[in-house]
Amino acid sequence: MKRKGNIFCGMAVFMLCLCCRQAVAQNRAETMMHGENVAYDVYFKWGLIMSRAGDATFSYDRDSTEPKASSQYRMLFKSTKFFDSFYKIRDTLSAYYNDNHELLYSRKNTDEGGYYSVDRLTFVHGGENTRIHSLRYTPSRVKIDTVLTAEGDVTDLLGVVYYLRRLDRTKLRSGTAYPLTIAIGRDLVRIQFTYRGQSIVERGNVKYNTHYFVIDIYDEAFESTKTSAEVWIGDDDNFLPVKVRSKLKIGYAEVHYKGASSLAHPLKCRIEIKK
């Protein structure tokens, strides 16, 4: 049985739903620069109730802590006080890249309802295949120590967001599919993004010009595999996710852009609605 925290933290990243060799080769992503910070609100809905489940904060900066790594992409997920009362989550995901923007290492520190663990992934790229050493341990024992082999584009959870933001938006065509494999523990989870065209997202007194993707996620935590989630990416040079929606077996989830600092470009996709 999957842990509740894996569902909440997974949905925040899986669906933002953000490095893969193919994506970087297409566009070196002046979409991001060191020092960037982006904040999101994560909501969970069951029945008629829509409650804010937590806050997700993404940061991109220089790194000198990992061998051969030059950049670090990080997400902090913190559940709200309401959710803390029955299941407290404080998770950190970090991904480390070299000067060629290849993903070298990934680390997830899990702190959920009194459960503590560390997931460490090491990526070795070569030819058509990528080998991933997956290690998971708790304060008392090693739970996973295995090697996975994947073909094509492969990343960790956080790399999904990185992947999306590095797509070349000038080459997007309706119906184009982008397959991706995500390493999680002992598993290789297959997902696919399909571009469906441009769309406008409204929230409060603001609207965003966006590019709309549907996501097929082949994982048991989601209600269905086809159109498991949807994501709206801002139509400007930051190519920043502004909204995500997903069906889960235990309800619905939505992620909404809240604010950012030190973006590489002006957020031109954002338009104030005059009233």
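Predicted model: local features only at pLDDT ≥ 70, side-chain atom pairs only at ≥ 80, totals over all residues.
## Strands around E14

Val231 stands opposite Val244 in E14. Strand E13 (residues 229–234) runs antiparallel to E14, with five bridges joining the two. The E13–E14 hairpin has six residues between its strands, and there Phe239 takes a positive phi near 45°.

On to the next partner: E14 also pairs with strand E15 (residues 251–261), again antiparallel, over six bridges. Here Val244 faces Val255 in E15. As for E14 itself (residues 241–248), the strand is mostly covered, with six of its eight residues buried.

## A lysine over a tryptophan

Have a look at Lys243 too: Lys243 lies over the face of Trp232, at 4.8 Å from the ring centre.

## Aromatic pairs

There are 14 aromatic pairs in the structure. Take Tyr40 and Phe58: their ring centres are 5.6 Å apart and their planes sit at 85°, so this pair is edge-to-face. The pair links distant parts of the chain, with Tyr40 in strand E1 (residues 36–46) and Phe58 in strand E2 (residues 49–62), 18 residues apart. Both Tyr40 and Phe58 are buried.

Phe82 and Phe83 also go edge-to-face, because their planes are at 85°, with the ring centres 5.4 Å apart. Phe82 is partly exposed at 46% relative accessible area, whereas Phe83 counts as buried at 3%.

## One aromatic cluster

Tyr40 and Phe58 turn up again in one aromatic cluster, along with Tyr60, Tyr73, Tyr97, Tyr162, Tyr208 and Tyr257.

Conventions. Residues numbered from 1 in each chain as written. Heavy atoms only, no water. Phe/Tyr/Trp six-rings, centres within 6.5 Å; stacked < 30°, edge-to-face > 60°. Helix = DSSP H or I, 4+ residues; strand = E, 2+ residues; numbered from the N terminus. Buried < 20%, exposed > 50% of the residue type's maximum accessible area, 1.4 Å probe, protein only. Lys NZ or Arg CZ within 6 Å of the ring centre and 35° of its normal. Pairing = 2+ DSSP bridges.
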